[in-house]
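Dear colleague,

Please find the structure below, handed over for your use. My notes on it follow directly after.

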Amino acid sequence: MRAERIRTLIAGGENETVEFKKAMSSVPDSLYETVCSFLNHKGGDILLGVDDSGQVVGLSNDKVDTWCIDIANATNNGNRFSPPYLLYPQKILFEDNWLIVIQVPESSQVHRLRGQVYSRGASGDYKVTDPNQIAQMVNRKRTFYSEAKVYPYLRVVDLDEKTLQKTRERMQYIRPNHPWLNLSTEEFLRKAGLYCRDQERGEEGLSLAAALLFGKEETILNILPFYKIDALLKRSNVDRYDDRCYVQTNIIEGYLLLMEFIERHLPDPFYLEGDVRISLRDKIFRELVANLLVHREYTKADQARILIYRDRIEFTNPCIPHWRGRVDPDSVVPFQKNPLLSRMFLQLGWVEEIGSGLMNVMKYLPLYAKGGHAEIQEDENYRVLVYLEANTPQATPQATPQATPQATEQAEAERTRRILEFCRTPRSREEIQTLLGLKDREYFRKDILEPLIASGKLELTEPDKPTSPKQRYKTKDSAL
């Protein structure tokens, strides 16, 4: 969380979604009441080290690290929180004072602290004891959060074992001491909130979120037969596509496939932040791909899509709108559409803290492409339009010596002649690259192969399956 946002929260004072805690000698027990209230209500921010009046009093430096661990352990403790909700507090130095900041999303489930339900109002946290009020809370969440629907006949064997293992390995890489690593699969799913009890029917089982994150392809399609995600490259062939990534796997595998597609078709210009090189492409598009997956409304039949054009990239996913119209990340309060999915992606390091992801997109886009910017629109579909200028840095091609424009044109003409002569007999991409002595597949595809296809000099032997392993390229008779 940035200092500017902390300053804004303090200036606004305590309210329905902001709570200050002084915490001089120990973590106050009332902190957990607020965590439970925020989970059950609209989410919110807790600032530990700020008194009720908004005065920054700070925390003892020798206690901050221990308290962060204690809070994480307490929220992950099933004897305290039911169901548990693992939170990672942030230790932040603000105006020479140490603070602990806890961002609590609204949960798709109703949580209890030591058996007691809490909620949030204008005057603070309060206990909810009326069964009708608790039922209303459950029904309200069910309206927005289909991810928590329990499927009592869904079993662990319906999940993909390799994806579960891959998830554990990724967690261990991100946080070697992650508390979920040594749990059995069922306990792991329980701690993640994916194996739970239906509050209305009393049935226990895996949720829709569990199927989406880890389900086998047939498991997901049995529940959601219309489920798919489509990524299309439309640079040369805008009416159809130049390349396609069609996803019907679980969203863990789907994220990896979509990021691979992004990396294949979008450049990653050299950039230093301080003296450290960072990937602008990852900073921007990791967040946008994750956003497409974790904020989608999966009970709607509309498909999620990524469209890559020469001058822009469009991300579209169906949603239940929380706002309508244009979204400004600087002024709109973040709202997580699928907290269970978001939390798992947070554990894997694929999303930022609440609200900061889209801020990073806006921050890094002008550095990625001169004049680059994004527009976000929310209605029945959530759309992010990323605009790139025509002079967006291109992926670095294989090094070539400097040459005059005339010499370059002659070299390109000779190269084209060799390719067209060679492809009188249908040839594979690898064969053409070998002929030219090129190792850079991306440079060859974008700068050589695609222009020849677009200009009508080469044709595909499998035009309806551009990415088919049997694909070959043949010189058109009219080009000879």
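Is helix α11 (residues 339-347) largely enclosed by the rest of the structure or open, and why? Of its 9 residues, 8 are buried, so helix α11 is largely enclosed by the rest of the structure. Buried here means under 20% relative accessible area, exposed over 50% and partly exposed in between, with a 1.4 Å probe and protein chains only. Helices (H or I, at least four residues) and strands (E, at least two) are DSSP runs, numbered from the N terminus.

Please note that this is a predicted model, in which local features need pLDDT of at least 70 and side-chain atom pairs count only at pLDDT 80 or more, while totals for chains, interfaces and linings use all residues. Residues are numbered from 1 along each chain as its sequence is written, and side-chain values use heavy atoms, with hydrogens and water left out.

The buried residues of α11 are Pro339, Leu340, Leu341, Ser342, Arg343, Met344, Phe345 and Gln347. They pack against several elements, including α5 (161-174), α9 (251-265) and α10 (280-294); contact means heavy atoms within 4.5 Å. Gly349, with a positive phi near 75°, follows the helix.

The protein chain is divided into domain 1 (3-141), domain 2 (230-239 + 269-387) and domain 3 (418-475), with bounds from an automatic or database domain assignment. The centres of domain 1 and domain 3, taken over C-alpha atoms, are separated by 58 Å.

An open sheet of 4 strands shows antiparallel pairing in the order β3-β6-β7-β8. Its edges are β3 (81-82) and β8 (124-128), each with a single partner strand, so one side of each has no neighbour in the sheet. Two strands pair if DSSP finds at least two bridges between them. Strands β6 (residues 112-113) and β7 (residues 116-121) are joined by 2 bridges, and Arg112 has Val117 in β7 as its bridge partner. Across β3, β6, β7 and β8 lies helix α2 (residues 30-40), at about 75° to β7; axes are lines fitted to C-alpha atoms, for helices over the stretch in contact, and angles run from 0 to 180 degrees between N-to-C directions.

Some backbone geometry also deserves mention. Most residues other than glycine have a negative phi, and most peptide bonds are trans. The bond from Ser82 to Pro83 is cis, with omega near -10°; Pro83 is in the loop between β3 and β4 (90-94). Arg114, in the loop between β6 and β7, has a positive phi near 50° and is partly exposed, at 47% relative accessible area.

Yours sincerely
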